[in-house]
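Dear colleague,

Please find the structure below for your files. My notes on it follow directly after it, and I would be grateful if you could read them alongside the coordinates.

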Amino acid sequence: MWILDGRTATCVGPGSEGRCCNVFFEDGKPFDLSILVLDDEYPLVIKTSPNFPEFGSCFKRERGNGGETAPDPCTSHLLSILWQVPYKLPVSLSVGSCVIIKGTPVDSSVNEPQLQVDFYTEMNEESEIAFHLRVHLGRRVVMNSREFGIWMLEENLHYVPFEDGKPFDLRIYVCRNEYEVKVNGEYIYAFVHRIPPSYVKMIQVCRDVSLDSVLVSNGWR
Ligand code: GAL
């Protein structure tokens, strides 16, 4: 059972509960809600805005609870559409939020593959960027901010714990003074805030990755 209260969607079932945040329902505005049935989870997809048409989050379903529906053969195709890059997610961040990006770098046939994550202060790509993370796979990680349209002081890291074709779990924790970046559970960098995280309105993930999910958890502490 899913319970939606305007800001959060909560999945409730005997012995299991999942929650996703940033569900931007607005009074009087139309929405489109779909629940996919997968082998062992129910991804929830909510479309509330034509510019940001999708929000998805997966929760494990308790086996044997609710029937064993056969997986839909179109599901993986649907999910690949759902998480297409460039992927945009409207967000509201505060200390204690964590942005969780899961995916896989595309195979190395792409010349110098990259992964890019930007925290924009408006819903458009011309706005300021509070945090820019650009991973040049196998080479370096560049972090920066863009203020008044100008790239500021670049911070470089030459440790790149992403591997071609191997899934990654990238987490950006919003701490009081910095964004703490972890890859596959390993701390890699702290980027001190230049623009308050509360100004961030949209996250975009792009370049040479296939995404499994992008979500914001507001309760890691
Ligand atoms: C530039 C690049 C931008 C951004 C910036 C970071 O050279 O074109 O996309 O990565 O560096 O400092």
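Strand 8 (98-105) and strand 18 (209-217) form an antiparallel pair over 8 bridges. Strands are DSSP runs of E with at least two residues, helices are runs of H or I with at least four residues, and both are numbered from the N terminus. Two strands count as paired if DSSP finds at least two bridges between them. Within this pair, Gly103 has Leu211 in strand 18 as its bridge partner.

The model is a predicted one, in which local features need pLDDT of at least 70 and side-chain atom pairs count only at pLDDT 80 or more, while totals for chains, interfaces and linings use all residues. Residues are numbered from 1 along each chain as its sequence is written.

Strand 9 is mostly covered, as 5 of its 7 residues are buried. A residue is buried if 20 or more other C-beta atoms lie within 10 Å of its own, exposed if 12 or fewer, and partly exposed in between, with C-beta atoms placed from the backbone.

For the chain as a whole, there are 1 helix and 18 strands. Buried residues account for 25% of its 221 residues. Of the contacts between residues at least 6 apart in sequence, 58% join residues at least 24 apart; a contact requires C-beta atoms, placed from the backbone, within 7 Å.

The largest nonpolar core contains 33 residues, and Phe119, Phe131, Tyr179 and Val205 have the most contacts inside it. Such a core is a set of buried Ala, Val, Leu, Ile, Met, Phe, Trp, Tyr and Cys residues joined through C-beta atoms within 7 Å. Strand 10 gives the most, with 5 residues. Leaving out residues up to four places away in sequence, Phe131 touches Phe119, Ser145, Tyr179 and Phe191.

The ligand is surrounded by His132, Arg134, Val142, Asn144, Trp151 and Glu154, where a residue qualifies if its C-beta atom, placed from the backbone, lies within 6 Å. Strand 10 and strand 11 are the elements that give two or more residues to this shell. The shell has 2 nonpolar, 2 polar and 2 charged residues, with Ala, Val, Leu, Ile, Met, Phe, Trp, Tyr, Cys and Pro counted as nonpolar, Asp, Glu, Lys and Arg as charged, and the others, Gly among them, as polar.

Several loop residues also deserve a note. Arg194, in the loop between strand 16 (186-192) and strand 17, is partly exposed, with 16 other C-beta atoms within 10 Å. Beyond its neighbours within four places in sequence, Arg194 is in contact with Ala130, Ser145 and Met152. The C-alpha atoms of Arg194 and Asn177 are separated by 9.2 Å, and these residues are 17 residues apart along the chain.

Most residues other than glycine have a negative phi, and most peptide bonds are trans. Phe148, in the loop between strand 11 and strand 12 (150-151), has a positive phi near 50 degrees. Phe148 is exposed, with 6 other C-beta atoms within 10 Å. Asn184 lies in the loop between strand 15 and strand 16 and has a positive phi near 50 degrees. Asn184 is partly exposed, with 14 other C-beta atoms within 10 Å. A cis peptide bond joins Val85 and Pro86, with omega about -5 degrees; Pro86 lies in the loop between helix 1 (75-82) and strand 7 (87-90).

With kind regards

Conventions:
Contact = placed C-beta atoms within 7 Å.
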